[in-house]
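This report covers the salt bridges, the chain contact and some local features of one structure. Headings mark the topics.

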Amino acid sequence: MNSINTHVAHPFRVIVNKEISDHVRSWRVIILIAIIALTCMGSMYTALGSIGKAVKTDEPEGAFFFLKLFTISDGSLPSFIVFISFLGPLLGISLGFDAINLEQNKGTLSRVVSQPIHRDYLINAKFVAALSVISVMFFALAILVMGLGLIIIGIPPTSEEFLRIVVFTLISILYVAFWLNLSIFLSVKFRQAATSALSAISIWLFFSIFFNMIINLIAKAFTPSAMASENQVIGFQNFILDLLRISPGQLFSEATTTLLMPSVRSLGPLTMEQIQGAIPSPLPLGQSLLLVWPQVTGLIAATIVCFALSYVAFMRMEIRSR
Amino acid sequence: MAEPIIELVDLTKRYGTFTAVDQLNLTIQKGEIFGLLGPNGAGKSTTILMMMGLTEPDSGSVKVCGINSTSNPIDVKRKVGYLPEDVGFYDDYTGIENLMYTARLNRIDDSVAKQKAEQLLLRVGLADAGNKKTGKYSRGMRQRLGLADVLIKNPEIIILDEPTSGIDPKGVREFLELIAQLRKEEGLTVLFSSHNLHQVQQACDRVGLFVNGKLLAEGDILSLSKKLFSDNLYVIEAGIEQPKTGTQDVVGEKYTTEWLIKLLEPIRGIASVTQKNGVFLIECSSDLSALIADAILKSGAGLNHLSKKEYGLDDIYYRYFEGGQSHE
């Protein structure tokens with residue numbers, strides 16, 4: 001028997017380490033990181049160029065000057081959050097679409113599962129490894145943007161701004177984790193890596209392009225008449241918003257916008273009565289978080305559902321040699 | 001020697017309506033090389049998967065080293081090395097790195113594993129290729145690296161699923177010699193599945209014939225042929241031609257199968273007489289060649305040649321695999 005020493009790494013750690021080093025060394029991830037870093041730097045550049053115009057002293061959120069780095073743009077390039085919401089899914093998909101089927105096709109899967117490890121180590125490790133890579137990358141990116149902003153505009157972020165950026169980064173990671181799990185699930189389901197990549201990308205395209213068009217069509221069909229009561233109009237708008245919120249991208253953009261723009265007070269329609277008497281001041285972080293809690297919960301739920309599906313599918317899969 | 005190390009009892013596995021493994025009973029003793037011989041799709045791989053606990057049987061039980069594979073797969077996998085058919089490695093890693101990864105998954109200390117990996121690479125003849133990426137390995141090299149990969153965890157049993165398919169004859173011979181050597185030196189039990197009977201005949205102590213999920217017969221080659229051909233163990237091949245003095249035109253008509261049957265009728269123990277490519281095949285239960293030769297010569301026909309044939313694995317194979325298919 002092999003001596004089992006306490007200082008020998010646990011097999012789960014061994015797999016995670018291997019997966020992370022594979023990710024870091026792969027051209028795919030290097031290219032993606034380069035693209036994301038470049039676009040983020042680009043969006044920062046445009047943000048810095050227009051930040052002088054964007055800040056007005058009489059605005060209540062003038063206090064949250066630093067957050068503007070992430071949200072404004074001069075129109076030539078999208079802002080930082082738009083980039084993240086666009087490229088994040090691509091990153092998640094590219095880290096997961098061949099997680100299982102590539103190993104199956106290479107014939108390494110049956111070799112690994114015949115080692116004395118629990119089978120779920122493999123899929124858990126794949127998820128943990130990809131998530132670690134994403135987390136490190138996003139935190140590095142956020143801190144890089146903050147640091148550059150600090151050097152160029154010379155105003156340090158307040159602690160609340162810093163916390164908001166940290167929470168924003170966490171939610172971004174969660175959003176990418178959703179796409180990661182979806183693509184891992186597809187990689188368990190489809191034998192060909194190309195099929196799972198294409199299907200993941202088509203789901204992403206559906207949600208980022210066609211979904212809004214379909215919702216617009218539905219909205220047109222159900223638009224209440226000009227004579228409709230206030231309640232009817234609000235009900236209709238809430239209905240359309242709820243439909244939009246099926247898309248994880250919508251949940252993400254609502255959550256991040258609220259966090260990075262403290263002046264956002266509500267994500268649905270407000271009546272005049274509700275606005276009346278409200279002081280036009282930014283919300284504290286706790287209140288902003290409370291406002292987006294349903295969105296965050298929805299994202300977590302979607303991520304867990306995808307993970308559970310891939311877990312069950314993987315555990316039930318019969319692993320034969322290629 | 002008579003210590004069972006793998007025990008399969010009434011093992012059954014179904015995929016939908018298709019029964020891949022049907023009520024299989026098999027015992028393999030410690031230290032033997034057992035050959036699982038069967039055509040493609042006979043259920044060999046499925047049986048192996050159940051032994052490794054990689055798939056669950058519908059009924060019956062599998063015990064490997066006294067451990068139930070279905071309920072305790074981890075303990076079984078610690079003791080059993082499994083080389084899947086057409087094994088694959090991480091292409092971007094070198095041979096050594098691939099072995100080290102397997103060693104780490106088995107919780108072997110890195111310094112111990114490194115030494116062992118180099119030793120094993122030397123043993124399987126890949127010492128020079130150890131630092132080459134496995135993506136550049138040939139099929140035969142991959143298979144040999146697979147054997148090293150299986151051995152690095154110091155297994156008690158190694159299960160090889162079609163290990164020789166796709167390797168050239170020289171490679172096959174070396175591979176089989178290596179397995180025999182390993183058994184001798186390390187006292188390993190080897191289970192070897194193949195559809196190639198010559199390799200099984202060459203390497204294995206005992207053979208199990210596997211068709212359509214059923215074990216048709218098991219035993220060493222000799223007892224197998226006795227068991228399967230209990231009635232007609234011998235085939236005598238007789239080449240008959242007309243005597244030198246005879247006329248040309250009667251040959252074809254005179255020496256027919258019917259003629260020979262009639263001629264050999266007085267001899268007891270003849271099971272059948274058939275003709276194939278101008279040669280007569282006489283199946284009989286014991287060695288009757290002397291009597292047959294005598295009868296043919298007395299009839300005045302010219303005996304070109306008379307040879308005795310014993311059943312080899314080839315005949316067992318064709319007879320039973322064809323038989324197995326015809327039952328469908």
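The side chains of Arg206(B) and Glu218(B) meet in a salt bridge, at 2.6 Å from N to O. A salt bridge here is a side-chain nitrogen of Lys or Arg within 4 Å of a carboxyl oxygen of Asp or Glu. Arg206(B) lies in strand E9 (residues 206-211) of chain B and Glu218(B) in strand E10 (residues 214-219) of chain B, so the pair ties together parts 12 residues apart in sequence. Helices (H or I, at least four residues) and strands (E, at least two) are DSSP runs, numbered from the N terminus.

Arg206(B) is buried, with a relative accessible area of 19%. Glu218(B) is partly exposed, at 23%. The cut-offs: buried is under 20% relative accessible area, exposed is over 50%, and partly exposed is in between (1.4 Å probe, protein chains only).

## Basis of the model

This is a predicted model, in which local features need pLDDT of at least 70 and side-chain atom pairs count only at pLDDT 80 or more, while totals for chains, interfaces and linings use all residues. Residues are numbered from 1 along each chain as its sequence is written, chains are lettered from A and ligands numbered from 1 in the order in which they are written, and side-chain values use heavy atoms, with hydrogens and water left out.

## Other salt bridges

Over all chains, the rule gives 26 salt bridges. One of them joins Lys126(A) and Glu19(A), at 3.1 Å from N to O. This pair links distant parts of the chain: Lys126(A) is in helix H7 of chain A, Glu19(A) is in helix H1 (residues 11-25) of chain A, and they stand 107 residues apart. Lys126(A) is buried at 8% relative accessible area. Glu19(A) is buried too, at 6%. Salt bridges that share partners join Lys18(A), Glu19(A), Asp22(A), Glu103(A) and Lys126(A) into one network.

In chain B, Arg142(B) forms a salt bridge with Asp86(B), and their closest N and O atoms are 3.4 Å apart. Arg142(B) lies in helix H5 of chain B and Asp86(B) in the loop between strand E6 (80-83) and H3 of chain B, so the pair ties together parts that are 56 residues apart in sequence. Both Arg142(B) and Asp86(B) are buried.

## The contact between the chains

Chain B and chain A bury about 3,300 Å² between them, 52% of it on carbon and sulfur atoms. Buried area is the accessible area (1.4 Å probe) that two parts lose on being put together, summed over both. In chain B, Tyr90(B), Leu105(B) and Arg107(B) lose the most area to chain A, together 24% of what that side buries. The contact (heavy atoms within 4.5 Å) takes 34 residues from chain B and 35 residues from chain A.

Two salt bridges are counted between chain B and chain A. Asp91(B) forms a salt bridge with Lys106(A), with the closest N and O atoms 2.6 Å apart. On the side of chain B that touches chain A, the largest share, five residues, comes from H3(B).

Ser110(A) is found in helix H6 of chain A. Ser110(A) counts as buried, at 2% relative accessibility. Leaving out residues up to four places away in sequence, Ser110(A) touches Ile319(A), Arg320(A), Ser321(A) and Pro84(B).

Helix H13 (residues 285-316) of chain A has 32 residues. H13(A) reaches 44 Å from its first C-alpha to its last, close to the 46 Å expected at 1.5 Å a residue. That expected span is 1.5 Å times one less than the number of residues. H13(A) bends by about 50 degrees at Val292(A), and Pro294(A) follows within four residues. The bend is the angle between axes fitted to the seven residues ending at a residue and the seven starting there.

The buried residues of H13(A) include Val292(A), Leu299(A) and Phe314(A). Their cover includes helix H6 (109-113), helix H7 (119-153), helix H8 (159-189) and helix H11 (248-260) of chain A.

## Positive phi in chain B

Most residues other than glycine have a negative phi. Asp86(B) has a positive phi of about 50 degrees although it is not a glycine. Phi of Glu162(B) is also positive, near 45 degrees. Glu162(B) sits in the loop between strand E7 (157-161) and helix H6 (169-186) of chain B. Glu162(B) counts as buried, at 6% relative accessibility.
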